[in-house]
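Here is a short note on how the parts of this structure meet. Please read it with the model open.

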Number of protein chains: 2
Amino acid sequence: MKATIEDVARVAGVSTATVSRALRGLPSVTPETREKVSQAAASLDYVVSPTASRLASGKTSTIGVIAPFIDRWYFAKLVSGIERVSRSSGFDVLIYSLERLDERERLFQHRLVKERVDALLVCSLPPSMDEVRSLQQMNIPVAVIGAEVDECNSVRIDDVQSAKTATGHLINMGHTRIGLIAESPLQPLSFTAPRDRRDGFLLAHQEAGLNFDSSLEAYGSFTIESGERAMGELLSKAQPPTAVFCESDEMAFGAISAIHRHGLRIPDDISIVGFDDHDLSKFANLTTIAQPVQLLGETAAWILLEQLKEPTKPRTSTVMPTQLIVRNSTKRLGSDRAGAVIGAFGSI
Amino acid sequence: MKATIEDVARVAGVSTATVSRALRGLPSVTPETREKVSQAAASLDYVVSPTASRLASGKTSTIGVIAPFIDRWYFAKLVSGIERVSRSSGFDVLIYSLERLDERERLFQHRLVKERVDALLVCSLPPSMDEVRSLQQMNIPVAVIGAEVDECNSVRIDDVQSAKTATGHLINMGHTRIGLIAESPLQPLSFTAPRDRRDGFLLAHQEAGLNFDSSLEAYGSFTIESGERAMGELLSKAQPPTAVFCESDEMAFGAISAIHRHGLRIPDDISIVGFDDHDLSKFANLTTIAQPVQLLGETAAWILLEQLKEPTKPRTSTVMPTQLIVRNSTKRLGSDRAGAVIGAFGSI
DNA sequence: TCAATTTAAGCAAACGCTTGCAAAATTCAG
DNA sequence: CTGAATTTTGCAAGCGTTTGCTTAAATTGA
């Protein structure tokens, strides 16, 4: 029923070795032979068995993606970018949505992974040094997205600088009591981006000679709900902030919701700046830091593919630019706002 | 360096056949032997090579997911559900994000797919009869999510009924000029859900003895932007609708934005109902139809896994329940609204 | 024209597992 | 106890490629 390489060889009148080489475009094949083989393959509707090919060659033509929450905006975008460039290079992409680190460790160490993928893309949660070593031993290239890791390729943004810019924007607008909605330090997963963003936030204060009142820090977990809760806490303070920097747009959405629930208005009573430039942020009129998420994924995949083609390629560390997008969720402290906001998402 | 089944066999003092059977928990192995083998395997840090196993057995332990836009909320949630249950059964999941149908057809027909996956999950875009046949011939089970397809498993919601309920809600509130933001009939991909939702919308009118003014229909493409554009058109009519049903929450978000941009208020001037119950809808205070997206994915994966275990299992067609969630984006026509809306997302 | 190179093609041994069938060991019935 | 039935194990033939090595053919240089 299904044609094998032997069938092709027979029809083309050559050996299977030649078929294999011809079909893969290897150099040592005459144009005529190659043509003959192609014809034979086409006539038999032949397609190589990736499985057999994998066993024989040890290459899987697959790249693995490890990401914590693939249903979240950020990770979904990332995966989408990765998938696009991988597939266009003929690579399959295998998704590992691992929330628990022990699962990941198991995956890495038992070289389970070596049998399945040629290269690995790790999103946001940087691998430990042990894990990196383990991967190196198996000789599988790794790229980390959203974090910098020794001896790994990395593709990321400058979270410190970006957060500093965002906070600076608030400071420039005259705000001095600025709240921070950050990732909870209690949560078990050790993302580095939130930490960096917090650092940037503090740095902006420092450089402006401002003192950060640490009671103005509240914690969330990068979800809308948690952002709402955190903002609730901030609003219940004796002296609430006049502006808030949220480490993600989704938390910002929650914060906005809480603010309205408290009968306050944005940006009249409180300014908000987020981080990510979520698809909805434009419509929510949220001032934010835009990061090219899909592009991060595409770039990381591309780097890995290059490295597979040419194993001697040196590791790279790419930092992509971000951009402060000023919309209508922030205003100069004390200034009157000129009329009603046009183009706002909300106010249902 | 890495242990093979032969190493285990040697250490355990049995044949490779026995190791294979023991490790896979097949019945014809004594408990003692099994134990011996397990010990040996553990001591060698052995793990089977999926590749070799695939070649020998013809099973890939992988399920493929074909989805058009994996970075969209709906599909990301779906994939997340699929991934969870697949992985917990030891199956890998391979993502095919195919926007173009010809790519998909190629994938199906050249039995490329047979070599890669044991079963296939097709999201939203129902396969053609040719494609189904092709898959059947290769003997690979298929489940379709979000559409009903002959001779395939399907997991979906009742789009007609749900849309009818949503529209009915508007009608019950006294609205008679109801707009529809539907998927453009021009776009090349033939989703069935939008069509069904439109049917439900019309049906509700019909059953209420209402006439639908077809000039109140505008088109989008399930994105926020397109929803905004569509709503813009509706608002520019001489006599705009007093309520609008959007075929997705994301288009509803766009519509909301457009309405505010026009200086109108929701629900005072216009009522909006969406479809999906997007993560943000609760915060946007959007009345909508909730569908259990992640559960759809989980169920579909589960069905497929069952069918792989027991190939004689009959095909199933599952319809999951949806629910109208009334929030603050709809109100009775002509009634005064009691005070300001609490908990709204927007009004930045 | 002929040896020396270079290039193209073929041989056959992996790759690491699964599985049908046969053999051995065990259990059972009488 | 013994032969039959049953259970457990082993043998070895695949599964469909790739690739190192060898051989044959073509090209080159003198």
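1. Chain B and chain A share 15 residue pairs in polar contact, both residues at pLDDT 80 or more (a pair of N or O atoms within 3.5 Å; within protein, one able to donate a hydrogen and the other to accept it, with residues adjacent in sequence counting only if both atoms are side-chain atoms). On chain B, helix 5 (73-88) and strand 2 (92-97) are among the elements that each supply at least two residues to the side touching chain A (DSSP runs: helices H or I, at least four residues; strands E, at least two; numbered from the N terminus).

2. The model is predicted: local features need pLDDT of at least 70, side-chain atom pairs need 80 or more, and totals for chains, interfaces and linings use all residues. Residues are numbered from 1 along each chain as its sequence is written, chains are lettered from A in the order written, and side-chain values use heavy atoms, without hydrogens or water.

3. The contact takes 58 residues from each of chain B and chain A (heavy atoms within 4.5 Å). There are six salt bridges between the chains (a side-chain nitrogen of Lys or Arg within 4 Å of a carboxyl oxygen of Asp or Glu).

4. Look at Lys77(A). It forms a salt bridge with Asp71(B), closest N and O atoms 3.4 Å apart. Lys77(A) also forms one with Asp279(A), at 3.5 Å.

5. Within chain A, domain 2 covers 60-157 + 293-320 and domain 3 covers 159-290 (bounds from an automatic or database assignment). Their C-alpha centres lie 30 Å apart. Here 14 residues of domain 2 of chain A contact 16 of domain 3 of chain A.
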